[in-house]
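I opened a notebook page for this structure and wrote down what I looked up, in the order in which I looked.

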Amino acid sequence: MHALRSPAMRPLSLSPTSIPSRPLCFRFLALSLPLFPNSRSPSKYLARTTVGPRFCVRSCGSVKAKPSSELRKREGGGSEPDEKLRALRELFSKPGIGIDAYIVPSQDAHQSEFIAECYTRRAYISGFAGSAGTAVVTKDKAALWTDGRYFLQAENQLNSSWILMRAGNLGVPTTSEWLNDVLAPGCRIGIDPFLFSSDAAEELKEAIAKKNHELVLLYNINLVDEVWKERPKPPNKPVRIHDLKFAGLDVASKLSFLRAEFIDAGASAIIISMLDEVAWLLNLRGSDVPHSPVVYAYLLVKTDTAELFVDSSKITPEVMDHLKNAGVQLRPYNKILSEIENLAKQGGNLWLDTTSVNAAIVNIYKSACDKYLNKNSKARVQDFIGRSAIPSGVYRASPISLAKAVKNDAELQGMRNSHLRDAAALAHFWVWLEEEINKGAKLTEVEVADKLLEFRSMQDGFIDTSFDTISASGANGAVIHYKPEPGSCRVLDVEKLFLLDSGAQYVDGTTDITRTVHFGEPTPRQKECFTRVLQGHIALDQAVFPENTPGFVLDAFARSSLWKIGLDYRHGTFHSLAGWLFGVLMRILSSAASFSFLVIGTGHGVGAALNVHEGPQSISFRYGNLTSLQRGMVVSNEPGYYEDHAFGIRIENLLSVVEINTPNHFGGIGYLGFEKLTFVPIQTKMVDSALLSSVEINWLNDYHAQVWEKVSPLLDGSARQWLWDNTRPLPIQ
């Protein structure tokens with residue numbers, strides 16, 4: 001059974017007028033992608049606008065995707081029995097369910113990037129373990145959608161009962177288009193409403209309505225949970241306090257800020273469902289989710305009270321006192337819906353970010369508001385400041401997103417300190433790896449990643465990795481989100497490039513760094529590509545720009561050197577013609593709201609001892625994100641170049657946005673630039689110094705001088721010698 005259920009199952013009933021807006025969508029080449037999934041407004045005062053037009057580029061005709069069994073060679077032929085699918089389909093006709101298809105997304109109830117094992121329902125039912133994908137099961141078919149990062153993995157992991165849908169490829173339908181095609185008109189399609197944002201559920205409802213299908217919200221039961229034998233138990237490790245010396249601002253001050261925001265917006269309460277927002281607001285950290293120090297919880301903040309919906313077994317006496325002192329009460333995690341319903345019954349106006357709050361919460365609140373209206377149709381209700389009011393939602397982006405992204409001095413200092421310890425761990429790692437390679441050791445990508453974890457775990461304050469380490473030799477480096485797996489990963493090749501993208505969670509900060517190295521002699525082609533990536537990295541690092549500049553304005557700084565020889569990079573999901581067209585369309589479109597994608601681009605926001613991928617800011621070619629870079633934000637600087645089936649190159653540092661003292665202040669505004677947080681050598685063997693200007697050589701030499709100055713005091717022995725050897729200046733031509 002799902003942890004959160006309402007007393008009754010009911011179909012989705014969201015009227016067009018009750019939802020103020022949905023994310024705009026491009027629909028092209030039979031691929032539908034929301035432009036603003038998990039969007040965050042660029043301004044805390046920006047309300048959602050009404051739905052705009054859709055821009056369409058359609059492929060002609062219908063292209064059918066072949067089942068995975070036809071796309072790879074299999075011994076014996078025939079169809080494999082899938083007992084999990086059989087058991088799932090048996091539930092379709094049970095009383096109170098009555099559906100013809102069921103959709104299983106990758107998300108948990110909080111739209112998290114990383115999720116606990118017990119919520120990996122899509123992986124369980126399909127057998128596909130990649131991080132991104134959607135499974136759809138009808139009474140006689142099963143299909144799985146994933147993106148280009150995972151096509152090969154899905155081929156290997158799906159059995160012949162499943163159809164693999166290669167999202168982004170020509171002619172591949174969306175989930176809703178496929179359902180409209182394979183189901184007779186008037187069918188019932190079920191979802192767990194906790195696993196879909198309100199906006200996503202509304203868009204799905206509209207799409208399947210074209211064939212008169214009904215979207216059924218199954219509040220009381222998750223069908224995958226029902227058939228999941230030996231399902232892992234929910235995480236129950238204790239919550240810890242994030243020390244004020246790292247947080248920089250106490251909980252009472254943060255709650256005061258939040259209350260001022262929602263009162264000004266005309267709300268009497270706000271529901272916070274994003275786990276990193278709950279953690280930041282309450283100065284708490286947990287270990288419920290891999291790579292992210294968060295705890296599964298909801299937070300309901302009212303004008304005079306705050307309620308944390310969480311498994312109380314995780315709350316230590318110390319944390320209990322911490323919450324009491326901040327005026328926060330504990331409630332059972334599974335009571336969130338009943339409390340939302342009560343709020344509407346009491347006439348409360350609830351602030352809802354429908355891009356992240358799940359459909360279960362939003363729909364329960366709306367239903368309760370409708371009941372309140374019917375019951376009090378002739379009454380005049382006075383709200384908390386005496387205005388005539390009826391309960392209604394205030395639909396805006398969460399005000400916490402931007403507040404969390406702008407780090408205070410204590411958070412920034414924690415980031416600086418954690419990066420230096422991380423640099424020391426990496427120095428120990430690189431000297432070990434080079435010694436092993438020189439001895440002729442045959443090391444797999446997984447063994448290398450495990451050894452890096454071992455070195456990091458020796459550092460003070462280490463908690464976890466901040467994402468799965470990308471340890472990629474040779475052609476695997478061109479797979480941008482590559483994850484090595486035991487049994488299938490490569491052995492490091494001394495004649496090929498090695499790309500290592502990794503990060504860590506420390507008690508005081510979060511790191512994310514990429515270095516690309518060669519253990520032998522790089523080719524002239526590799527050196528030129530590496531040098532041009534480095535030039536882009538330097539250009540972005542040195543950028544000075546006016547206040548209120550959005551990140552996309554800076555993206556070209558990182559690409560211009562590659563452009564000069566006709567090269568570019570596309571960090572992210574799409575590598576097909578469809579993906580290229582999508583990129584072109586994205587460059588054309590501008591919008592008044594920001595958004596985030598699986599596609600990362602040149603830079604992403606990073607949390608302070610929180611999620612390694614954080615919005616609303618980014619540095620990307622996508623013009624739609626108008627969030628300006630502000631002093632205190634942390635972003636990655638990670639241009640790259642990827643040559644399919646050959647190699648990948650990426651150089652990544654983290655930067656904080658700082659004020660720059662310019663001699664002029666045109667227009668009376670200030671100017672901003674960057675401060676480096678990452679201090680790890682860049683392999684000069686890979687640099688073609690003839691391509692660098694004297695300014696660029698000076699930048700590299702100055703950077704390495706800073707690396708030595710800041711990190712060498714933390715090292716001794718061979719690691720210190722390695723650092724010295726790898727921070728020697730390049731001669732200026």
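**Whole chain**

I began with the secondary structure, and the protein chain has 21 helices and 34 strands, where helices (H or I, at least four residues) and strands (E, at least two) are DSSP runs numbered from the N terminus. I note that this is a predicted model, in which local features need pLDDT of at least 70 and side-chain atom pairs count only at pLDDT 80 or more, while totals for chains, interfaces and linings use all residues. Residues are numbered from 1 along each chain as its sequence is written, and side-chain values use heavy atoms, with hydrogens and water left out.

I then looked up burial, and 59% of the 733 residues of the protein chain count as buried; buried means under 20% relative accessible area, exposed over 50%, and partly exposed in between, with a 1.4 Å probe and protein chains only. For contacts, meaning heavy atoms within 4.5 Å, I took those in the protein chain between residues at least 6 apart in sequence, and 75% of them join residues at least 24 apart.

On the α15 side the contact is made by A427, H428, W430, V431, E434 and E435, and on the α21 side by S718, A719 and W722. By class I find five nonpolar, two polar and two charged residues in the contact of α15 with α21, with Ala, Val, Leu, Ile, Met, Phe, Trp, Tyr, Cys and Pro counted as nonpolar, Asp, Glu, Lys and Arg as charged, and the others, Gly among them, as polar.

**Rings and charges**

K254 and W280 came up again when I looked for charges over rings, as the charged end of K254 sits over the ring of W280, 4.1 Å from its centre. I also noted K84, whose charged end sits over the ring of Y124, 4.5 Å from its centre. The criterion is that NZ of Lys or CZ of Arg is within 6 Å of the ring centre and within 35 degrees of the ring normal.

Searching the whole structure for aromatic pairs, I recorded 16; rings of Phe, Tyr and Trp (its six-membered ring) pair if their centres lie within 6.5 Å. Ring pairs link F429, W430, W432, F455, F498 and F519 into a cluster, and W430 is also one of the α15 residues in the contact with α21.

**Single residues**

Which residues does a cis peptide bond join? I found G615 and P616, with omega about 5°, and P616 lies in strand β29. The C-alpha atom of P616 is 6.5 Å from that of T627, eleven residues apart along the chain. T627 lies in the loop between β29 (614-619) and β30 (634-637), and at 1% relative accessibility T627 counts as buried.

Is Y703 buried or exposed? At 0% relative accessibility, Y703, found in helix α20 (residues 694-711), counts as buried. Leaving aside its neighbours within four places in sequence, Y703 is in contact with R515, N653, K676, T678, F679, V680 and I682.

Finally, I noted that N548 has a positive phi of about 70° although it is not a glycine. N548 lies in the loop between β27 (545-546) and α18 (555-563), and at 60% relative accessibility N548 counts as exposed.

Key:
Phe/Tyr/Trp six-rings, centres within 6.5 Å; stacked < 30°, edge-to-face > 60°.
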